[in-house]
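Here is a short walk through the structure shown below.

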Amino acid sequence: MTPKTTPKKSKIIIRRWREEDFAGLVQCQKAVYQSDFPTDSASDRRLFELEFKKFPEGQVLAEADGKIVGYACAIIVQLDDAQPYYTYSEITGDSTFSTHDPSGDTLYGADIAVHPDYRGSGIAGLLYGQRMRIMKRYNLRRMVAHGRLPNYHKYVGQFTPEEYVHEVQARRILDPALIAHLKAGYSVKAILFDQLVDRSSMNYTTWLEKLNPDFSEAKRRIASTPIKRPVRRIRVCTAQSEMKNITSWEEFRRNVIFFVKTAASYHCHFLLFPELFTLQLLGLLQHNRDDIPSKLKELAQRVDEYKELFRELAQAHGLYIIGGTHPCLRGDRVYNTSYFFTPTGRVYEQDKLHISRSERLSYAFNPGEAIRVFDTPMARIAILVSYDIEFPELSRLLVNYGAEVLFVPFATDERKAYNRIRFCAHARAVENCVYVVIAGNVGNLAHAETLMINYAQSAIITPSDFAFPSHSIEAEADPNTETVAIAELDISNLLLQRDIGTVRPMFDLRVDLFETQAKVPLDLIRCD
């Protein structure tokens, strides 16, 4: 065995990163975090490269015996004090440091880590000292950071997060991360939940601040102006489409264009179509087959034509369009797939994950496997197709992964079926403090035996608290009429209410007693 290094006898060198350091940084990060974080959320060389490229002066490391034994990452940002609760992803641009703003007044400490074999050697203090020098060099007003509570899992049944922090501050409990922050001069401004998936901290984080005693407000005022958050208010449109016995592709195209132009004329960012509204195209099939599964397989052959129509309209009108769902054929299996179209011409897919008994028997649909969150410049969204909204675990997973708006295309034949969708949508909005947008079909299809009638009332649903409408409905369509519902959704307010609402379901969740975990990796797709 190789003798263990004695850290206290090693000479510690603090310096800026260099391009040849990335492999060593990855190894150090693995050693520090691999037991607490999912493998896809850490140890990413590409992110180290992006961070270094954006602000090399803010990235420092500790070296001992030619080995990287610690590091610290930081960027300059401008935060809006009227909106004090930011997520790690918001501040760092999902760890890419794309939010670095040289004219900002705040140094954000994105990460600081010391190799387990070298803890107790004063490395953390040396790295914090470098941050202080950066803050003073650029005349920044303050340093802020999100801090871990890695020992909280040992006390979660005994203390609330607030009580735990108080105990650590009184030095009655040892928490290495919080004590290091307190020694560096940070003060705890708030305790937040679900900023990071962190098993040891039970997903709690501290919001920390350290003011610059040498800050010159006059110089800063000359050097910069406040830059608030990027787009945090979106306008959404949900279509209530009438199922018609159309006679040509051009007729279908005109119906789609009507909704797209309506959404565009009201300056919407997102447009949602209903589930399987493309079944109107069954009347155009060349083969007169009796069984619905065979018809769906034939309809799936027109997917390229459908995708090209929506791609063209999304680009022409600058809209993010959730194009309802359309049958998707892979091999010999048919899926009920929702397609997401972006203004840049990209197309993404989300299969329906839960298939009801009638869908299996009448449509021969197969359940999908991938669980996806789409990170757009406007908001982080997810798509749950109809029945999916009736499973609370799925929505919780998506919100834990950052979803702010859940889009639900659905198709229901009568009032009771619709109520299941509607009531569950309200429940998901309350449970997760998230917006839920639902869109359904109205009208009848004489040639589709299993979809002879439709009942719907499309709606835009909010959480239930003082910051939202009293009936938790931002907008809703008249039932069983072809129309739209449009509303503005304040994403900043949504995130704020998760922390300061009358009740905080996500914050108060008893993660010490139970938890929801995915058995497959969730896909985070960054959309332009």
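In this predicted model, helix H1 passes helix H2 in a right-handed crossing. H1 covers residues 22–33 and H2 covers residues 45–54, and their axes come within 9 Å and cross at roughly 120 degrees. An angle over 145 degrees would count as roughly antiparallel and one of 65 to 115 as roughly perpendicular, so H1 and H2 are oblique to each other. On the H1 side the contact is made by Phe22, Ala23, Leu25, Val26 and Gln29, and on the H2 side by Arg45, Phe48, Glu49 and Phe52. Sorted by class, these are six nonpolar, one polar and two charged residues.

Helix H12 (residues 392–400) and helix H13 (residues 415–432) have axes that come within 10 Å and cross at roughly 40 degrees. H12 and H13 are therefore oblique to each other, and their crossing is right-handed. H12 brings Pro392, Ser395, Arg396 and Val399 to the contact, while H13 brings Arg428, Glu431 and Asn432. The residues of this contact divide into two nonpolar, two polar and three charged.

Here are the two pairs in one table:

| Helix pair | Axes come within | Crossing angle |
|---|---|---|
| H1 and H2 | 9 Å | roughly 120 degrees |
| H12 and H13 | 10 Å | roughly 40 degrees |

Now to the strands. Which order do the strands of the open sheet have? The seven strands run S1-S2-S3-S4-S5-S7-S6, with mixed pairing. Strand S1 (12–16) and strand S6 (187–193) stand at the edges with a single partner strand each, so one side of each has no neighbour in the sheet. On average, neighbouring strands of this sheet are turned by 25 degrees against each other, direction ignored.

S1 and strand S2 (residues 60–64) run antiparallel and are joined by five bridges. Ile13, for instance, has Glu63 in S2 as its bridge partner.

Helix H4 (residues 123–137) lies across S1, S2, S3, S4, S5 and S7. Relative to S4 (106–114), H4 runs at about 165 degrees.

Finally, a word on confidence. The protein averages a pLDDT of 89, and 91% of the residues score at least 70. Over residues 1–7 the pLDDT is below 50, and this stretch has seven contacts in the model beyond near neighbours in sequence. Residues 225–231 also have a pLDDT below 50, with 12 such contacts. Where pLDDT is low, the predicted coordinates should not be read in detail.

Definitions and conventions:
Residues numbered from 1 in each chain as written. Predicted model: local features only at pLDDT ≥ 70, side-chain atom pairs only at ≥ 80, totals over all residues. Heavy atoms only, no water. Pairing = 2+ DSSP bridges. Helix = DSSP H or I, 4+ residues; strand = E, 2+ residues; numbered from the N terminus. Axes fitted to C-alpha atoms, helices over the stretch in contact; angles between N-to-C directions. Contact = heavy atoms within 4.5 Å. Parallel < 35°, antiparallel > 145°, perpendicular 65-115°, else oblique. Left-handed = near helix turned anticlockwise from the far one by under 90°. Nonpolar A, V, L, I, M, F, W, Y, C, P; charged D, E, K, R; others polar. pLDDT = per-residue confidence, 0-100.
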